[in-house]
Amino acid sequence: MELKAKRLLGLLAAGAFALSIATGTASAQGQPVTTAPTKEAQPEKKAEPKDKTEKKAEKAEKKEEKKDAKDAPKVEPGVAAPDFTLKDTAGNEVTLSSLTGQGKIVVLEWFNPGCPFVVKHHELNKTFAELNKKYADKGVVFLAINSGAKGKQGFGQELNASKKKDWGIEYPVLLDETGKVGKLYNAKRTPEMFVIGKDGKVAYMGAIDDNDDSKTPGKVNYVAKALDEILAGKEVTTKQTRPYGCSVKY
Amino acid sequence: MSILASVPGRSGRGAWWCVAFLSVALPACEAQPAASPESRRAPASEVEARAEANVEPNKVRAELVLSDAPQPGQVIWLGVRFQIQDEWHIYADALNDTGVPPKVEWTLPEGWTVGAWVWPGARRYTQPGEILDHVYEREVTLLAPLSVPAGAKPGSEAMLRAKLDWLVCKDICIPEEQVASKPVRIGTEPSDAERRAVQRALDALPRPTRLDAAGVGPVVEGESKVEMVWTKPQTVVIEVGGPVEKLEFVPDRPPAEGGVEFENLFERGISPRGRLELKVKSEAPIKGTLGIFRKGSPRPEYRSVSLAARESVEDKDSKPASKP
């Protein structure tokens with residue numbers, strides 16, 4: 001073997017650098033995430049004496065915990081979906097609790113008409129239109145929410161109203177210009193999905209499907225899967241996945 | 001070829017990329033046949049999207065580069081050098097809130113094979129809403145080991161071709177695609193510019209760090225001392241020796257199933273000192289890259305670290321038990 005190859009081999013072996021022949025295109029981003037139970041930190045045994053830096057770090061930690069405690073409870077599967085009221089592109093108010101109060105299942109879709117991944121599911125593919133069509137008469141209400149701030153991509157009543165029309169979105173597009181509702185749900189991407197059961201609790205949250213490509217839809221639509229299970233009176237099997245998309249333009 | 005076969009792959013990440021061979025088309029790749037120039041035209045909507053954003057030309061330009069002259073039976077680095085317009089970024093293969101890393105489909109002459117990309121250390125990129133991503137700006141070269149067939153004739157030519165797509169973002173995101181081709185001649189040295197691009201990428205690759213049973217990395221000249229331990233349930237502390245200006249931890253992209261959920265990595269993943277305390281929602285193994293920034297150093301030191309799952313509680317709160 002020649003020197004160059006040896007050098008390279010050394011590098012490769014040392015780093016265990018990737019050399020696997022790829023065997024598929026499955027996306028890691030759209031795959032189910034196992035949701036570890038969020039148990040309380042277990043009581044900690046007294047450790048050895050702490051030095052100053054550790055104490056400082058502890059202080060900082062306490063401060064942070066305080067700050068966190070002030071914030072709203074974290075949205076995760078099984079917890080009550082935070083209530084909100086927002087206006088849609090036509091100026092009509094929509095309140096989550098009044099929908100769940102009527103026994104509706106509600107699907108929230110974080111939305112930005114300028115995001116390629118939103119374009120993927122509204123224009124290149126009719127993912128959302130088809131979902132809405134399939135479930136609208138089964139007591140499921142879809143709501144798109146745009147949490148983009150003024151001056152950012154996808155902002156504005158007019159633009160959103162015209163995209164709603166162009167793309168044939170037959171459900172409300174809600175304008176959350178302050179980003180308050182987005183932050184309440186800790187929504188970070190568009191699209192990011194939440195399925196809220198009749199009990200008002202989050203039944204599913206995460207990606208729309210299992211392909212993070214900017215054009216090709218996935219094989220598994222997680223929202224459809226969750227809705228089918230809820231409607232069949234079953235427990236939702238995939239409660240949380242890793243969403244993919246653009247950032248919400250807060 | 002034997003070199004390629006003997007090196008363990010990082011299956012979790014490697015499998016993500018569809019590496020196509022002309023001679024042995026992998027089943028998973030067949031769904032995306034190599035496009036002919038005619039079929040490579042962007043769909044109308046994308047053209048519209050670009051026109052709307054007034055961004056006709058690509059923000060990123062990709063070219064193929066080699067580390068060495070290809071010689072029969074050898075393995076060299078084949079790099080894709082991405083040159084990115086100022087203010088824009090592309091995504092690293094790491095735990096990111098948004099975006100997707102570039103993807104490649106290779107078309108190589110019979111007998112040539114290419115492995116998966118290795119990823120240089122990336123930069124933290126944050127946005128309002130505690131959105132945290134890890135990105136490359138200006139320039140990055142993603143390297144993959146290229147195996148030259150043993151029977152390649154000196155002086156003969158081969159065409160290497162990469163069909164690439166990536167998402168490029170600043171305040172907005174644009175999906176872009178490009179085909180990068182490169183004719184290479186057996187025995188012909190690459191240009192200095194190519195070598196330099198490869199070298200920059202090699203310099204930024206995380207150095208593997210083998211932690212011992214106590215979570216302490218080996219002391220290697222020119223490298224920082226790294227320690228990483230479970231200090232209590234769901235808590236991992238990383239410490240780096242010497243004065244540090246900034247320390248960052250970038251978790252690997254989670255595997256297809258499972259994966260560790262980090263609590264508030266937005267704040268906990270970065271420190272102005274040589275110490276990080278990570279909070280996780282499980283006791284599962286933790287893998288990622290440390291970025292160690294020191295005053296006067298031209299670039300950060302990148303170290304890949306991997307911490308085994310925390311074994312069951314009880315007597316392990318203060319010290320990890322040593323293993324035989």
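1. Tyr244(A) has a relative accessible area of 1% in this predicted model, and because buried means under 20% relative accessible area, Tyr244(A) counts as buried. Phe117(A) is buried as well, at 0% relative accessibility. The two residues belong together in another way, since their ring centres are 5.7 Å apart and their planes stand at 75 degrees, so the pair is edge-to-face. This pair links distant parts of the chain, with Phe117(A) in helix H4 of chain A and Tyr244(A) in the loop between H8 and E9 of chain A, 127 residues apart.

2. A second aromatic pair can be found in chain B, where Phe82(B) and Trp117(B) are edge-to-face, with 6.2 Å from centre to centre and 75 degrees between the planes. Here too distant parts of the chain are linked: Phe82(B) lies in strand E2 of chain B, while Trp117(B) lies in the loop between E5 and strand E6 (123–127) of chain B, 35 residues away. Both Phe82(B) and Trp117(B) are buried. Over all chains the structure holds 12 aromatic pairs, and one aromatic cluster is formed by Phe84(A), Trp110(A), Tyr185(A) and Phe194(A).

3. Which residues of H4(A) are buried? They are Pro116(A), Phe117(A), Val118(A), Val119(A), Lys120(A), His121(A) and His122(A), and because these are seven of the nine residues of the helix (residues 116–124), H4(A) is largely enclosed by the rest of the structure.

4. The buried residues are Tyr222(A), Val223(A), Ala224(A), Ala226(A), Leu227(A), Glu229(A) and Ile230(A). What covers them includes strand E3 (105–110), helix H5 (127–135), strand E4 (140–146), strand E7 (193–196) and strand E8 (202–206) of chain A. At the start of H8(A), a side-chain oxygen of Asn221(A) reaches to within 3.0 Å of the backbone nitrogen of Val223(A), and just after the helix Gly233(A) takes a positive phi of about 75 degrees.

5. Turning to chain B as a whole, its secondary structure comes to six helices and 19 strands, and buried residues make up 55% of its 324 residues. Among the contacts in chain B with a separation of 6 or more, 70% are accounted for by residues 24 or more positions apart. The accessible surface of chain B comes to about 14,100 Å², and 52% of that surface belongs to carbon and sulfur atoms.

6. One sheet of chain B is open and is formed by four strands in the order E1-E2-E8-E5, with antiparallel pairing. Why is one side of strand E1 and of strand E5 left without a neighbour in the sheet? Strand E1 (60–66) and strand E5 (113–114) stand at the edges and each has a single partner strand, so one side of each has no neighbour there. Within the sheet, strand E2 (residues 75–84) and strand E8 (residues 139–147) of chain B pair in the antiparallel sense over nine bridges, and Val75(B) has Ser147(B) as its bridge partner in E8(B). Helix H5 (residues 192–203) of chain B lies across E1, E2 and E8 of chain B, running at about 95 degrees to E8(B).

7. Strand E17 of chain B (residues 275–280) is mostly covered, with five of its six residues buried. Strand E13 (residues 235–240) of chain B is joined to E17(B) by five bridges and runs antiparallel to it, and the bridge partner of Ile238(B) in E17(B) is Leu276(B). Strand E15 (residues 262–263) of chain B also runs antiparallel to E17(B), joined by two bridges, and here Glu263(B) stands opposite Lys279(B).

8. A last point concerns Arg253(B), which is found in the loop between strand E14 (246–251) and E15 of chain B. Is Arg253(B) buried or exposed? At 9% relative accessibility, Arg253(B) counts as buried, and its side chain makes a polar contact with the side chain of Asp93(B) at 2.6 Å.

Notes:
Residues numbered from 1 in each chain as written. Chains lettered and ligands numbered in written order. Predicted model: local features only at pLDDT ≥ 70, side-chain atom pairs only at ≥ 80, totals over all residues. Heavy atoms only, no water. Buried < 20%, exposed > 50% of the residue type's maximum accessible area, 1.4 Å probe, protein only. Pairing = 2+ DSSP bridges. Contact = heavy atoms within 4.5 Å. Axes fitted to C-alpha atoms, helices over the stretch in contact; angles between N-to-C directions. Polar contact = N/O pair within 3.5 Å; in protein donor to acceptor, adjacent residues only side chain to side chain. Areas by Shrake-Rupley, 256 points an atom, 1.4 Å probe, with all protein chains shown as cover. Phe/Tyr/Trp six-rings, centres within 6.5 Å; stacked < 30°, edge-to-face > 60°.
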